[in-house]
Amino acid sequence: MSQKNRNVSLAALIAALYVVLTFLSNAFGMASGMIQVRISEALCILPIFTPWAIPGLTLGCFFSNLLTGCALPDIIFGTFATLMGAVGTYYLRSYRFLSPLPPIVANTVIIPFVLRYAYHLTEALPFMMLTVGAGEVISCGVLGIALMLAITPMKDRLFPSDQGRPT
């Protein structure tokens, strides 16, 4: 398999895994309520291992939001928040324990506005930022760091270093 095909396949695999984990979170009621925890957000740590996680996470979020029946602003801006978080994680890859911060911040800032204007929630924006941020700390911070620590010993086999950047 050519390197390009392997990289595109890796991005597609990450996207598919994101969708499956989002459906699992929804099935167990973790993606609704006051503090929402999408298990799939733990995957936002993957750009520290490969830049091909960025398109994978972005497409995974897009299809997750589309397939779970989210409102159009959520599909657009939720996907944008994931893209910004993934890019930020990639740029912080040298500071592994800080790398969950970009998705946490992007979602904490963007998603409350989506909740307010797409779903007409009336809670105060600072309160929604607090609850969205708490869910992101759990999923990206705690679960993401645990995933990073689990992957690190086998990172060279999972993510060969000759991957290059997405084109």
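**Helices, pocket and cysteines of a predicted model**

Biologist: Which residues of α1 are buried?

Modeller: Helices are DSSP runs of H or I with at least four residues, numbered from the N terminus. Buried means under 20% relative accessible area and exposed over 50%, with partly exposed in between (1.4 Å probe, protein chains only). By these criteria, the buried residues of α1 are N7, L10, A11, I14, A15, Y18, V19, L21, T22 and S25.

Biologist: What pLDDT do local features need in this model?

Modeller: Residues are numbered from 1 along each chain as its sequence is written, and side-chain values use heavy atoms, with hydrogens and water left out. The model is predicted: totals for chains, interfaces and linings use all residues, side-chain atom pairs count only at pLDDT 80 or more, and local features need a pLDDT of at least 70.

Biologist: How far apart are the end C-alpha atoms of α1?

Modeller: The expected span of a helix is 1.5 Å times one less than its number of residues. The 25 residues of α1 should therefore span 36 Å, and this agrees with the distance between its end C-alpha atoms, 36 Å.

Biologist: Which helices do the buried residues of α2 pack against?

Modeller: The buried residues of α2 are A53, I54, G56, L57, T58, G60, C61, S64 and N65. What covers the buried residues of α1 includes α2 and α3. The buried residues of α2, in turn, pack against α1 and α3.

Biologist: What phi does G69 take?

Modeller: Just after α1, G29 takes a positive phi of about 70°. Just after α2, G69 takes a positive phi, of about 80°.

Biologist: Is H120 buried or exposed?

Modeller: H120 is found in the loop between α4 and α5. Most residues other than glycine have a negative phi. The phi of H120, however, is positive, near 60°. Because its relative accessible area is 61%, H120 is exposed.

Biologist: Which residues does S139 touch, beyond those up to four places away in sequence?

Modeller: S139 lies in helix α5, residues 125-151. Because its relative accessibility is 0%, S139 counts as buried. Contact means heavy atoms within 4.5 Å. Leaving out residues up to four places away in sequence, S139 touches V37, R38, E41, A42 and G144.

Biologist: What is the volume of the largest pocket?

Modeller: On a 1 Å grid over the protein atoms alone, a pocket is an open set of points with protein on both sides within 12 Å along at least five of seven lines, whereas a cavity is a set where a 1.4 Å probe fits but cannot get out; lining residues have an atom within 4 Å of a point. Grid points are joined across faces, edges and corners, and a volume is the space filled by probe spheres set on the points. For the largest pocket, the volume is about 590 Å³.

Biologist: Which helix supplies the largest share of the lining of the largest pocket?

Modeller: The pocket is lined by 29 residues, of which A31, Q36, D74, I111 and L115 lie nearest its centre. At least two lining residues each come from α1 (3-27), α2 (53-67), α3 (72-91), α4 (101-118) and α5. The largest share, five residues, comes from α5.

Biologist: How many disulfides are counted?

Modeller: A disulfide is a pair of cysteine sulfur atoms within 2.5 Å. By this rule, the count of disulfides is zero.

Biologist: How far from C140 is the nearest cysteine sulfur?

Modeller: Because its relative accessibility is 2%, C140 counts as buried. C140 is in no disulfide, and the nearest cysteine sulfur, that of C44, lies at 4.6 Å.
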